[in-house]
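This report describes a predicted model, taking its sheet, its helices, its pockets and its backbone geometry in turn.

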Amino acid sequence: MKIKRYKKAQRILGFFQNNFDLRPPYSVLLDGTFCRASLEVKVKIKEQIPKYLGAQTKLVTTQCIILEVEKLSKMRANLYGTWMVVKQFPVHKCGHEGDAIPASSCIKSLLQEKNPAKYIIATQDDDLRQHIHHSVTGAPILYLYHSAPTLEKPTDKCLKLASESNKLLTDHEEKTLKSLKRKYIGEDDQPPPKKKKKPKNPNPLSCKKSKKTKPQPQNEEVKRKRKRHKKKKQLDEEASTSSGK
């Protein structure tokens, strides 16, 4: 198992430990859909599930689940192996002994609204998972992604309830809880610091002096010519006055 998957599972379990008092040994409730998927992709439930959760684990099922799979196996031969897998696990008393109900209804009745028995639900049933998302808090969901056991992230309902309970804490408790969330879930309230831009060097091409020469204005030449002409005229006038005398 990859270290990244293991750390992610520990962060999710840490969230449920801190907010919903989910503690080892974990009770994993297996339904028929999970057992069937495990059989198809050759997952060894008794070995791989405790290893993935990283703690002592109790794998259990209910009489309703076993009887439903047994009934289906008589109608469909490919479900016989699923029945053999699911009935090897210890049976948890669900209160429906002698009057079995559908497996999903049995699990819903055990979970209620707040999962009082602290189950981790191992299922591939999409309808059951949606029910947990919208109606149950504090119940982690375990499913198979290809052949890898995977814990779902905490649902929006669980996150909302956890944030509301934090408002009742003292400042010290709130800081402690935030640090635990950063550790187990990876949440960070502060945005990452912005990088300061370093001053860029000037463009060497823009530093070159232009080779263009400034054209001299023509007005200066005109002025010079006019000045010379004026001086010549003054000299002629002075010469004429001197000769007249």
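## The sheet

Over 2 bridges, strand β4 (residues 119-122) pairs in the parallel sense with strand β5 (residues 141-145), and within this pairing Ile-141 of β5 is the bridge partner of Ile-121. The two strands belong to an open sheet of 6 strands with mixed pairing, whose order is β3-β2-β1-β4-β5-β6. Because β3 (91-92) and β6 (148-151) stand at the edges, each with a single partner strand, one side of each is left without a neighbour in the sheet.

## Helices on the sheet

Helix α3 (residues 45-53) packs on the sheet, where β1 (26-30), β2 (57-62), β4, β5 and β6 are the strands that α3 touches; the direction of α3 makes about 40 degrees with that of β6. Helix α7 (residues 126-135), for its part, lies across β4 and β5, and runs at about 145 degrees to β5.

## Pockets

The largest pocket holds about 250 Å³ of space and is lined by 16 residues, with Gly-32, Thr-33, Glu-68, Val-69 and Leu-72 lying nearest its centre. At least two residues of this lining come from each of α2 (32-40), α4 (63-75) and α6 (103-111), and by class the lining of the largest pocket comprises 7 nonpolar, 4 polar and 5 charged residues.

In the second largest pocket there is about 210 Å³ of space, and its lining divides into 5 nonpolar, 1 polar and 5 charged residues. Helix α1 (3-20) and strand β6 each supply at least two residues of that lining, the largest share, 6 residues, coming from α1. Among the residues that line the second largest pocket are Lys-4, Arg-5, Lys-7, Lys-8 and Arg-11, together with Tyr-52, Tyr-145 and Thr-150.

## Backbone geometry

Most residues other than glycine have a negative phi, and most peptide bonds are trans. Against that background, the loop between α1 and β1 deserves attention: Pro-25 lies in this loop, and the peptide bond that joins Pro-24 and Pro-25 is cis, with omega at about -5 degrees. Asp-21 lies in the loop between α1 and β1 as well, and has a positive phi, near 60 degrees; with a relative accessible area of 47%, Asp-21 is partly exposed.

A positive phi near 60 degrees is also found at Lys-118, a residue other than glycine, whose place is in the loop between α6 and β4. Lys-118 counts as partly exposed, because its relative accessibility is 28%, and buried would require a value under 20%.

Definitions and conventions: Residues are numbered from 1 along each chain as its sequence is written. This is a predicted model: local features need pLDDT of at least 70, side-chain atom pairs count only at pLDDT 80 or more; totals for chains, interfaces and linings use all residues. Side-chain values use heavy atoms; hydrogens and water are left out. Two strands pair if DSSP finds at least two bridges between them. Helices (H or I, at least four residues) and strands (E, at least two) are DSSP runs, numbered from the N terminus. Contact means heavy atoms within 4.5 Å. Axes are lines fitted to C-alpha atoms, for helices over the stretch in contact, and angles run from 0 to 180 degrees between N-to-C directions. On a 1 Å grid over the protein atoms alone, a cavity is a set of points where a 1.4 Å probe fits but cannot get out, and a pocket is an open set with protein on both sides within 12 Å along at least five of seven lines; lining residues have an atom within 4 Å of a point. Grid points are joined across faces, edges and corners, and a volume is the space filled by probe spheres set on the points. Ala, Val, Leu, Ile, Met, Phe, Trp, Tyr, Cys and Pro count as nonpolar, Asp, Glu, Lys and Arg as charged, and the others, Gly among them, as polar. Buried means under 20% relative accessible area, exposed over 50%, partly exposed in between (1.4 Å probe, protein chains only).
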